[in-house]
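Subject: Structure for you to look at

Hello,

Here is the structure I said I would pass on.

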Amino acid sequence: MNQDNKTWYLRGLRDGMPIMLGYAAVGFTLGIAARNAGLTAFQAGLASLLNNASAGEKAGFTVIEHNEGYLAMAIMMLIINARYLLMSCSLSQKISPKTGLIPRLIIGFEVTDEIFGVQMNVPGMINPWYTYGVITMALPGWSLGTYFGVVMGNVLPANVVSALSVGLYGMFLAIIIPPARKSRVIAALVLISMALSCVLAYLPLFAGISAGMRVIILTVIIAAAAAYFFPVAQEEGDSDAA
Amino acid sequence: MQRNIYVYIFVMFAVTYLIRVLPLTLIRKPIRNRFIRSFLYYVPYVTLAVMTFPDIVQATNSPAAGFLALVCGVALAWSGKSLFTVAVISCAVVFVSEMILL
C-alpha cells in the first residue's frame with residue numbers, strides 16, 4: 001500500500017468509528033427483530049454481513065417471519081433498497097473513471113445511507129482505500145451487533161427486549177424527520193404514509209394483505225404519486241443523494 | 001410450505017447487491033428521467049414511515065409505551081438529534097414508561 005493509500009485508509013477508519021458505534025447499537029436492535037422473526041444468531045449475523053441494510057433487512061425478516069415466498073422477498077428488496085440505485089449512480093461520478101472492477105465491486109457492496117454520506121463528504125474523487133477504511137469499521141459493527149442482538153435477546157428480560165425493539169424505529173425516525181422538517185412535501189408524505197399504513201394494518205377489508213406487501217404497495221403508490229405531482233428539481237435530487 | 005432461511009438470505013443478498021453494484025459498474029451517467037429520479041428520491045421516506053407506524057406500537061409490550069417512543073423519537077429527530085441519540089432515547093422512553101404502566 002503506498003503512502004497516499006495508507007493516509008486515506010486511516011482517514012476512512014477514523015470516519016468509520018462513529019458509524020461503527022451507531023451500527024453496533026442499531027444492529028443489536030435489528031438482531032432482536034431477527035430473533036422475533038425466528039432467525040438464529042448465525043443466520044442474522046450472516047444476513048447483516050451480506051446485506052448491510054437496516055430497512056431492507058427488517059423488511060426481509062418480516063417476509064421470513066410470514067413465510068411469504070422468494071419472489072415476494074426479491075420484489076421487497078428491489079423496492080425498499082431502490083434508493084441505493086440512486087446513491088450508486090452518484091457514487092459512480094465520485095470515483096475516478098480509471099478505477100478497476102474490483103474496487104467498484106467492493107465499494108458497491110457497502111452502499112448504505114451513512115457510508116454513502118461520508119463518502120460524499122470527501123472533496124473531489126474518492127480514493128477506494130478511504131471506503132475500505134470505513135468498511136473495516138462499519139461492517140463488523142453491523143454484523144456482530146446483529147449477531148449479539150439475537151444472542152442477548154434470548155437472555156435479556158422481556159422489558160429490556162421490549163425497550164430495545166423500538167431502537168430501529170428510532171433510527172428510521174432520525175432519517176425521515178429532519179428532511180420532513182425542511183420539506184412540506186416530505187412531511188406530508190410521512191404523515192400520509194403512516195396513516196395509510198395504519199388503515200391497511202387494522203381495517204378488516206385489508207386483512208389479507210401481509211405486513212411485507214403493505215410496505216411494497218404503499219411505497220409504490222405513494223412515492224409514484226409524489227413523483228408525479230411534486231417532481232424534484234435536478235439539484236434537489238442531488239442534494240438528497242449527498 | 002416451509003421455506004429455507006438461507007435461500008431467503010441469499011435472495012436478499014443477491015437483489016440488494018445487484019442494486020448497489022450495477023450502477024457503479026455499468027452506468028457512468030446520472031439518471032435523467034425526472035419521474036424516476038423523483039420516485040427514487042421519495043421512496044426511502046415513504047418506506048421508512050410505513051414500516052415505523054403502526055409497527056412501533058406493536059413491537060412493545062405496552063402499545064402506549066411504543067406510541068410515547070414514537071412521539072419522543074419524532075421530537076428528538078425534529079430537533080436534529082443524531083441517529084444514535086434518537087434510537088437510544090426511544091428505547092429508554094419505552095423502558096421507563098413500561099415500568100410505570102405495567
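A residue counts as buried if 20 or more other C-beta atoms lie within 10 Å of its own, as exposed if 12 or fewer do, and as partly exposed in between. R3(B) has 15 C-beta neighbours inside 10 Å, so R3(B) counts as partly exposed. This residue sits in the segment before α1 of chain B. Leaving aside residues up to four places away in sequence, R3(B) touches N67(A), Y70(A) and Y8(B). Please keep in mind that this is a predicted model.

Chain A as a whole

Chain A has 13 helices and 0 strands. Its pattern along the sequence is therefore a run of α elements, and the radius of gyration of chain A is 19 Å, close to the 18 Å that the globule rule gives for 242 residues, so chain A is as compact as a globular protein of that length. The C-alpha trace of chain A spans about 65 × 50 × 35 Å along its principal axes. Of the 242 residues in chain A, 53% count as buried. If you take the contacts in chain A between residues at least 6 apart in sequence, 80% of them join residues at least 24 apart.

A helix pair inside chain A

Two packed helices are described by the angle between their axes and the distance between the axes. In chain A, helix α2 (residues 41-51) and helix α3 (residues 54-65) pack at an angle of about 140°, and their axes are 10 Å apart. That angle makes α2(A) oblique to α3(A). The crossing of these two helices, α2(A) and α3(A), is right-handed. On the α2(A) side the contact is made by A47(A), S48(A) and N51(A), and on the α3(A) side by G56(A), E57(A) and G60(A). By class, the residues of this contact are 1 nonpolar, 4 polar and 1 charged.

Which residues of α2(A) are buried? They are Q43(A), A44(A), G45(A), L46(A), A47(A), S48(A) and N51(A). The buried residues of α2(A) pack against α1 (3-36), α3 and α8 (128-155) of chain A, together with α1 of chain B. Just after α2(A) comes N52(A), which takes a positive phi of about 45°.

Where the chains meet

How many residues of chain B are in contact with chain A? There are 65, and they are in contact with 85 residues of chain A. The elements of chain B that give two or more residues to this side are α1 (5-25), α2 (34-52), α3 (55-59), α4 (63-78) and α5 (83-101). The largest share, 18 residues, comes from α2(B). By class, the side of chain B that touches chain A has 45 nonpolar, 13 polar and 7 charged residues.

One helix pair across the two chains involves α2(B). Helix α10 (residues 167-182) of chain A and α2(B) pack at an angle of about 140°, with their axes 10 Å apart. α10(A) is thus oblique to α2(B), and the crossing of α10(A) and α2(B) is left-handed. In α10(A), the residues Y169(A), F172(A), L173(A), I175(A), I176(A) and P179(A) meet Y45(B), L48(B), A49(B), M51(B) and T52(B) of α2(B). The contact of α10(A) with α2(B) has 10 nonpolar, 1 polar and no charged residues.

Regards

How values were computed. Residues are numbered from 1 along each chain as its sequence is written. Chains are lettered from A and ligands numbered from 1 in the order in which they are written. This is a predicted model: local features need pLDDT of at least 70, side-chain atom pairs count only at pLDDT 80 or more; totals for chains, interfaces and linings use all residues. Two residues are in contact if their C-beta atoms, placed from the backbone, lie within 7 Å. Helices (H or I, at least four residues) and strands (E, at least two) are DSSP runs, numbered from the N terminus. Ala, Val, Leu, Ile, Met, Phe, Trp, Tyr, Cys and Pro count as nonpolar, Asp, Glu, Lys and Arg as charged, and the others, Gly among them, as polar. The radius of gyration is taken over C-alpha atoms; the globule rule is 2.2 Å times the number of residues to the power 0.38. Axes are lines fitted to C-alpha atoms, for helices over the stretch in contact, and angles run from 0 to 180 degrees between N-to-C directions. Angles under 35 degrees count as roughly parallel, over 145 as roughly antiparallel, 65 to 115 as roughly perpendicular and the rest as oblique. A crossing is left-handed if the near helix is turned anticlockwise from the far one by less than a right angle, and right-handed if clockwise.
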